Structure formats: structure tokens, C-alpha cells
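Here are my notes for your read-through. Please keep the viewer open and go point by point.

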Amino acid sequence: MSTDVHRLAAQIASGSTVAVPVDYAGVSMAMTRALIEIGTADLTLICVPTGGMQADMLIGAGQVRAVETSAVSLGEAGGAPRFNAAVREGSIALRDATCPAIHAGLMAAQKGVPFMPMRGLIGSDLLRNRPDWTVIDNPTSETPDPIVLIPAIHPDTAIFHAPMADREGNVWIGRRRELASMAYAARQTLVTVERIVDKRLLDDETLAAGTLPGLYVTDIAIAEKGAWPYGLWGEYPTDQEEIARYAKAARSDDGFADYIGANKAKVMA
């Protein structure tokens, strides 16, 4: 079940729609670096529900054509410079969303229905910019009752990083349920992990509830510290200094290119 990260990344075709998690939920930065090295192009990113350094690096590398997200930022390090530049230049298509809307779209895909209804968007200006979100009258109400239909989101691939998997492909995600939502909705799920364990995770009463069954996992690769510079729950903290270093470098095209080059050399050393 375990393969190297580059072979894992090679399973993502150019032109794919890729779901990626919020920065605290297990970002596979190892896969991010591999995708940049391989040069996978024309990606559409679905940020679940926000994006950070992963999305910013892929955008800066010129590998993203569209992003659906409720925000992209580097948290305490400030705005996402390559994302912001791409939006200003119009080099990527931006599908502005909200956190609940993205989760609703994934839930619709999980349930095998074409859409999920939501109320919270009524009255917002987002509806003017999302023609794929349809407002209808509630068919079960006898009085006017508008409701928004969010189309199902079917990513081609979901990618994330987790602490461990077992030899049957079951992956422990703890309480990060957005990772499960991504896997349920995606056509394939590619996961990097810190380690492979011999025990079957679903047989352990303390781990089973937080384990994503291997039924929803396509392939796994071991990548120690694969979320760095982001942290991974129960394993290691976020390296805020490194994220701040990236934020400073990525303010310019040359600085971003230097950072990517230096990071590649560090990984290969």
C-alpha cells in the first residue's frame, strides 16, 4: 500500500480538480513539493474550506487555473502573496465561496445527490457571482420561502497528510472530519503519512472512530514530517518562522523562485 511521494503525485493528472484541507487538518506539503517538481498543470483547487501555503505555492508555480475557496491566507504570517498576485493579474479563476457552502457541496457528493439546500447565503452578494448556485422556492412550503441549492462537489482527487495508516490502507484522521468528507466525495484519495503501523486501526476501540476506512483510500506514501512547515496533531507543531520566511520571500516572483529552489535542494539533501 505504501509508495514514494513522487509516484503518488504522478497519479494526479494535469487538468484535475483537487481537494486540499485547511492548514490545521493535515496538509500534505510533501505532495505539494512533489507536484511542483513533476509540473502537474491546470489544476482546480477546492480548499476545504480555506487554503494556505499549499495553495499559494501551487499558484505561484503556475500550476493552478482555478480556486474554489472561502479564503486563502498564511494566518499569522499575513496574506497569501502568490494567490493575491494571481487574483490581481487575473491569471486564475476565483470561485468565491463560504465554508458551509463548500462543506454542503461535498456532503451532496457523499450522499449521491445533485445538490444540497442552504439558507445562510440568502441576502449575500455571493449569489451574484456564483451562477451555479441556484435560488428556488422551497417546494414543501405553502408560502414564499427561497432557498439556495449548492451543486455537489466531486473532486477528481483528495490529498492530505495524516499521522498513520495500517497495512490494510485504513488511515487515522482523528477528529478532522473534513478529511473524511473530502475522501467520501473524491474519485480517488491519496494520503501521505508519518508511518505505517502493523496493528489494524479499526480493531482498536480508541482509534476506530477516528479512522478513515481503506475503502475510501486509493494509495498511501510514507513522508516523515510530510506536513512541514505546517504542524500535525499529536506529532509536531507548526513552524511559524518558516511560514513567515516563505511569506516574505513570496512577495516577489524572484523571491518565490529562490524559495522553491532552496526548498527543493533541502529536500534532496
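Predicted model: local features only at pLDDT ≥ 70, side-chain atom pairs only at ≥ 80, totals over all residues.

The points below cover helices, aromatic rings, single residues and backbone details.

1. **Helix H7.** Start with the helix at residues 177-185. Seven of its nine residues are buried, so H7 is largely enclosed by the rest of the structure. The buried residues are Glu178, Leu179, Ala180, Ser181, Met182, Ala183 and Ala185. Note that Glu178 is on that list. What do the buried residues of H7 pack against? The partners are strands S1 (17-21), S2 (43-48), S8 (157-166), S10 and S11 (211-212), together with helix H5 (99-111).

2. **Helix H5.** This helix has 13 residues. From first C-alpha to last it reaches 19 Å, close to the 18 Å expected at 1.5 Å a residue. Its buried residues are Ala101, Ile102, Ala104, Gly105, Leu106, Ala108 and Ala109. The cover over them includes S2, S3 (64-69), S5 (115-118) and S7 (146-151). H7 is also part of that cover.

3. Which residue caps the N-terminal end of H5? Thr98 does, with a side-chain oxygen 3.1 Å from the backbone nitrogen of Ala101. Ala101 is itself one of the buried residues of H5. Just after the helix comes Gly112, with a positive phi of about 75 degrees.

4. **Val193.** This residue lies in strand S10 (residues 188-197). S10 is one of the elements that the buried residues of H7 pack against. At 0% relative accessibility, Val193 is buried. Beyond its neighbours within four places in sequence, Val193 is in contact with His161, Ala162, Pro163, Met164 and Ala165, among others. Its contacts also include Ile220, Ala221, Ile222, Ala223 and Glu224. Gly231 is 38 residues from Val193 in sequence, and their C-alpha atoms are 13 Å apart.

5. **Aromatic pairs.** How many aromatic pairs does the structure hold? There are four. One of them is Trp172 with Trp233, a tilted pair at 6.3 Å centre to centre and 55 degrees between the planes. This pair links distant parts of the chain, 61 residues apart. Trp172 is in strand S9 (residues 171-172), while Trp233 is in the loop between strand S12 (219-222) and helix H8 (240-249). Trp233 is buried, at 12% relative accessibility.

6. **Tyr246 and Phe256.** The ring centres are 6.3 Å apart and the planes stand at 75 degrees, so this pair is edge-to-face. Tyr246 lies in H8 and Phe256 in helix H9 (residues 253-268), so the pair ties together parts ten residues apart in sequence. Are these residues buried or exposed? Tyr246 is buried at 0% relative accessible area, and Phe256 is buried at 7%. Tyr246, Phe256 and Tyr259 form one aromatic cluster.

7. **The loop between S12 and H8.** Several details fall here. Lys225 is in this loop. Its charged end sits over the ring of Tyr236, 5.3 Å from the ring centre. Lys225 also has a positive phi of about 55 degrees, although it is not a glycine. It counts as partly exposed, at 45% relative accessibility. Pro229 is in this loop too. The peptide bond from Trp228 to Pro229 is cis, with omega near 10 degrees.

8. Look at either end of S2. The peptide bond from Val48 to Pro49 is cis, with omega near -10 degrees. Pro49 is in the loop between S2 and helix H3 (53-60). Asp42 is in the loop between helix H2 (29-38) and S2. Its phi is near 55 degrees, a positive value in a residue other than glycine. Asp42 is partly exposed, with a relative accessible area of 43%.

9. **Asp145.** Where is this residue? It is in the loop between strand S6 (134-137) and S7. Asp145 is buried, at 17% relative accessibility. Leaving aside neighbours within four places in sequence, it is in contact with Arg119, Ile136, Asp137 and Asn138.

Notes:
Residues numbered from 1 in each chain as written. Heavy atoms only, no water. Phe/Tyr/Trp six-rings, centres within 6.5 Å; stacked < 30°, edge-to-face > 60°. Helix = DSSP H or I, 4+ residues; strand = E, 2+ residues; numbered from the N terminus. Buried < 20%, exposed > 50% of the residue type's maximum accessible area, 1.4 Å probe, protein only. Lys NZ or Arg CZ within 6 Å of the ring centre and 35° of its normal. Contact = heavy atoms within 4.5 Å. Expected span 1.5 Å × (residues − 1). Polar contact = N/O pair within 3.5 Å; in protein donor to acceptor, adjacent residues only side chain to side chain.
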